[in-house]
Amino acid sequence: MIEIVKIGDEFDRWQDLLALIMASFAYMDGIIDPPSSAHRLTLENLAEKASAEVAFVAQDGDKLLGCLFCRPEPPVSLYVGKLCVSPKAQGKGIGRLLLQQAEALARELALPALRLETRIELVSNHVKFGAWGFVKTAENAHAGYDRTTSIEMTKVLG
């Protein structure tokens, strides 16, 4: 049975979490420019990220299936980052479960919306997030780029 668990001080599966993120983001290699920031993650800075933000994992028993990192941006939104689902577990509603957890956290923090960014090249992600209630709210360029490299999407919570 899949459960969503908040990463706390007792979490000790950083290697497994890093492997999950790298496997989940691998399909982007050679497609997006600049390369994913996932490539800059290490065991140390992943643990630091989890302590600075609110992080959740989706697990089935001892298997990590997905994760999501959230950063409050009061008073406007809860930023959702590093949302990923293991390639072997995709299509089973795990991403939706993780986003439902983010929505619950946003409501708990009295934040009216979720915000995320996705790369311009990943059109299937734009469609998926749109199906989950997100709408495009901005286009952005990474530092050093003179073209759009990502889009921002927001979901206003009812």
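**Entry: terms.** Helices here are DSSP runs of H or I with at least four residues, strands are DSSP runs of E with at least two, and both are numbered from the N terminus. I note at the outset that this is a predicted model.

Entry: The model has an open sheet of seven strands, in the order 1-2-3-4-5-7-6, and the pairing is mixed. Which strands stand at the edges? They are strand 1 (2–6) and strand 6 (135–140). Each has a single partner strand, so one side of each lacks a neighbour in the sheet. On average, neighbouring strands are turned by 25° against each other, direction ignored.

Strand 1 pairs with strand 2 (residues 54–60) in the antiparallel sense, over five bridges. Within this pair, I find Glu 3 opposite Gln 59 of strand 2.

**Entry: helices on the sheet.** I looked up what helix 3 touches. Helix 3 packs on the sheet and contacts strand 1, strand 2, strand 3, strand 4, strand 5 and strand 7 (150–156). Its direction makes about 160° with that of strand 4. Helix 4 lies across strand 4, strand 5 and strand 7. I read its angle to strand 5 as about 165°.

**Entry: helix 1 against helix 2.** Two packed helices are described by the angle between their axes and the distance between the axes. I looked up both for this pair. The axes come within 10 Å and cross at roughly 95°. Angles of 65 to 115 degrees count as roughly perpendicular, so helix 1 is roughly perpendicular to helix 2. Which residues make the contact? Helix 1 brings Trp 14, Gln 15, Leu 17, Leu 18 and Ile 21. Helix 2 brings Leu 43, Leu 46, Ala 47 and Ala 50.

**Entry: the largest pocket.** I looked up its volume. The largest pocket holds about 1,200 Å³ of space. It has 43 lining residues, and the closest to its centre are Phe 25, Met 28, Lys 82, Leu 83 and Glu 117. I listed the elements that give two or more residues to the lining: helix 1 (14–25), helix 2 (43–52), strand 3 (63–73), strand 4 (77–85), helix 3 (94–108), strand 5 (113–119) and helix 4 (123–131). Which element gives the largest share? Strand 4 does, with seven residues. The lining has 19 nonpolar, 14 polar and 10 charged residues.

**Entry: the second largest pocket.** I find about 150 Å³ of space here. Its lining includes Ala 19, Leu 20 and Ala 23, and also Lys 63, Leu 64 and Leu 65. Ser 86, Pro 87, Lys 88, Ala 89 and Lys 92 line the second largest pocket too. Helix 1 and strand 3 each supply at least two of its lining residues. I note seven nonpolar residues, one polar and three charged in this lining.

**Entry: backbone exceptions.** Most residues other than glycine have a negative phi, and most peptide bonds are trans. I looked for departures from this. The bond joining Asp 33 and Pro 34 is cis, with omega about 5°. I place Pro 34 in the loop between helix 1 and helix 2. The bond from Pro 74 to Pro 75 is also cis, with omega near 0°. Where is Pro 75? I find Pro 75 in the loop between strand 3 and strand 4.

Lys 82 has a positive phi, near 50°. This residue lies in strand 4. I met Lys 82 above, among the residues closest to the centre of the largest pocket.

How values were computed. Residues are numbered from 1 along each chain as its sequence is written. This is a predicted model: local features need pLDDT of at least 70, side-chain atom pairs count only at pLDDT 80 or more; totals for chains, interfaces and linings use all residues. Side-chain values use heavy atoms; hydrogens and water are left out. On a 1 Å grid over the protein atoms alone, a cavity is a set of points where a 1.4 Å probe fits but cannot get out, and a pocket is an open set with protein on both sides within 12 Å along at least five of seven lines; lining residues have an atom within 4 Å of a point. Grid points are joined across faces, edges and corners, and a volume is the space filled by probe spheres set on the points. Ala, Val, Leu, Ile, Met, Phe, Trp, Tyr, Cys and Pro count as nonpolar, Asp, Glu, Lys and Arg as charged, and the others, Gly among them, as polar. Two strands pair if DSSP finds at least two bridges between them. Axes are lines fitted to C-alpha atoms, for helices over the stretch in contact, and angles run from 0 to 180 degrees between N-to-C directions. Contact means heavy atoms within 4.5 Å. Angles under 35 degrees count as roughly parallel, over 145 as roughly antiparallel, 65 to 115 as roughly perpendicular and the rest as oblique.
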